[in-house]
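Please keep the model open beside the text while reading.

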Amino acid sequence: MAGSMERPRYRGGARSSVAASIGRVVVYVVLIVFAVAIIYPLLWMFLNGFKSNAELFGDPWGLPSTWRWENFVKAWNLGVVRYLMNSVFVAAAAVVTTILFSSMAAYSLTRYRIPFAGAITVLLLGGMMLAPTVALIPLFRLLQTLGIFDTYWGLIVLYTAFRIPFTVFLIRAYMVTISREIEDAAIVDGANRWQVFWLVIMPLSRPIIVSAALLQALFSWNEFVFALVFINDTDLKTLPVGLLAMQGRVLSDWPVLFAALTIAAVPMIVLFMAGQRQFIRGLSEGYGKG
Amino acid sequence: MPGTSRFGRWSMLLWVAPAVLLLVVFVYYPVVENLRLSLFRWNAFSPSETWVGLDNYRDLTLDPVFWSSLFNNIAYAVVSVIFQVGGGLVLAAVLEELVRGRWKGFFRTVYFVPAVLSLTITGLLFQFMYNPQIGLVNGFLGAVGLDSWKHSWLGESATAIWAIIAMSQWQSIGYVMVLFIVAMQRIPRELYEAAYIDGASRPHAFRSITVPLVREMILLATIITISGAFLVFNEVQVMTAGGPNNSSHTLGTWLYKSAFFNDQMGYAAAIAVVIFIITMVASIVQLFLGRGKAVQY
């Protein structure tokens, strides 16, 4: 009965069913127009990557006359490959450390009666209220003092620290629901805590771990403020800041910049398409259960 | 039972130690230190600090760019609540109620895609979209006969911030829509069946069933959108860097420029305190509404 096909019947009459189908057409037209408004700029970005500068200015709406893959090669060699590798490394490391430390914390808080559990929970979750911008200036000094200014480690440490609260929040809510029986059986069989954590709890928490990891990858991949302020060395820049630096370097060779934008956009779109369900679960869990 | 022995209990603290340590050193300490730094005048290259009391805050109130930045953040918040929360809610309801099968998944995916892209990518893309020579925006206006509406969108003080805000709506509406879809999927179908049998129309069902039942999500999305609007940085830095004539700064970019270009670190710290207070108020309201359920953008 949930199918919308049944519904017009309640209103009866031929006239209202005509009105309903007109309404349906209008709805679809609006939705398609909106979809085109989303896709068209992205398609434009992709196609402009193949044009020559003359084509871009002469016919900004048109298709490229030939597929100039050399623009993509040029963008790749102008730095995109370097930025891409930096982003992959920083994001991967930040995902590993964030997930590891957050699940360890969530595990001990949900499975054991540890001292100061209440205070520790408030401290960990309260971090969600604090924005990176607010800490920016003291961090500028702190990272220099610690000798991790202008290094990958600076970014990895910050991405981990600022995202532990949210990640603990996600994983903790999930671990609470895991039954104690399997765990107790493992302990009876002589497993220690470390083994219970790795062999029982982590495998059982897999769905939320995947969601949390995807969201952390997305965050680290796109993060801009820290990457802008705490990295000076061009060779260490991640994509969001590197692309900005490239804009200055390609000068007026805009198609190359379009090619660079396309290369940078692809990994996240692919990751999203592959893990759409996990992405959305993570986001909706993060918003609490409406 | 594990963790019941005295030693066992205390040793479990080691499991939370890395998380706690990272948070204390890299999140809590800097936020507190920032409060202190806002009371001093200092710059990046000479570490000596001069106590100035509340002078940085007085300077804030006299700084027209601070006020225009704050205004821009407020504009960002208002427009985003209308388009992302309002528009996202309507889109979600339309997709859930009126669209079936493959189309539903197609629209949902397409609308969400911009949200996974870096703001640098969309920012640079829209810089080209707004470009007076090759941009699609002016091209479109010309094509439909609205030549007089053409602007150098990012190059004029009057339009720059609005052009950035518009890009942001394009990017984020699908994200908020997906949150509403998830909330709506938790509503029992029987409620709608009953309403339709009683002769309710779709708009009526939307008002009397959907909206009340996703109210909590509406409130949360509103608060999070507002709090996000006061943290806007990336897209402004990429598209205009606050120009022309400092007209499109937000608190975030003005903080950045004050600290790292004008070398007024204490002053920038005072801006950070303002951002801190605004986002803190939003978080507290949110905690209140979410009854303890913490939430992040």
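At what angle do H6(A) and helix H2 (residues 13-37) of chain B pack, and how far apart are their axes? In this predicted model, the angle between H6(A) and H2(B) is about 120° and their axes are 9 Å apart, which makes H6(A) oblique to H2(B). Their crossing is left-handed, and the contact is made on the side of H6(A) by A:Val157, A:Leu158, A:Thr160, A:Ala161, A:Phe162, A:Ile164 and A:Val168, and on the side of H2(B) by B:Ala19, B:Leu22, B:Leu23, B:Phe26 and B:Val27. By class, this contact has 11 nonpolar residues, 1 polar residue and no charged residues.

Helix H6 (residues 152-175) of chain A also packs against helix H3 (residues 69-111) of chain A. The angle of about 40° between H3(A) and H6(A) means that these helices are oblique to each other, and their crossing is right-handed. The contact of H3(A) with H6(A) has 18 nonpolar, 7 polar and 2 charged residues.

| Helix pair | Angle | Axis distance |
|---|---|---|
| H3(A) and H6(A) | about 40° | 7 Å |
| H6(A) and H2(B) | about 120° | 9 Å |

Taking the two chains as a whole, 82 residues of chain A are in contact with 79 residues of chain B, and the side of chain A that touches chain B divides into 65 nonpolar, 13 polar and 4 charged residues.

Elsewhere in chain A, helix H9 (residues 206-222) reaches 24 Å from its first C-alpha to its last, close to the 24 Å expected at 1.5 Å a residue. H9(A) is mostly covered, with 12 of its 17 residues buried, among them A:Ile208, A:Leu214, A:Gln216 and A:Trp221.

Definitions and conventions:
Residues are numbered from 1 along each chain as its sequence is written. Chains are lettered from A and ligands numbered from 1 in the order in which they are written. This is a predicted model: local features need pLDDT of at least 70, side-chain atom pairs count only at pLDDT 80 or more; totals for chains, interfaces and linings use all residues. Axes are lines fitted to C-alpha atoms, for helices over the stretch in contact, and angles run from 0 to 180 degrees between N-to-C directions. Helices (H or I, at least four residues) and strands (E, at least two) are DSSP runs, numbered from the N terminus. Angles under 35 degrees count as roughly parallel, over 145 as roughly antiparallel, 65 to 115 as roughly perpendicular and the rest as oblique. A crossing is left-handed if the near helix is turned anticlockwise from the far one by less than a right angle, and right-handed if clockwise. Ala, Val, Leu, Ile, Met, Phe, Trp, Tyr, Cys and Pro count as nonpolar, Asp, Glu, Lys and Arg as charged, and the others, Gly among them, as polar. Two residues are in contact if their C-beta atoms, placed from the backbone, lie within 7 Å. The expected span of a helix is 1.5 Å times one less than its number of residues. A residue is buried if 20 or more other C-beta atoms lie within 10 Å of its own, exposed if 12 or fewer, and partly exposed in between; C-beta atoms are placed from the backbone.
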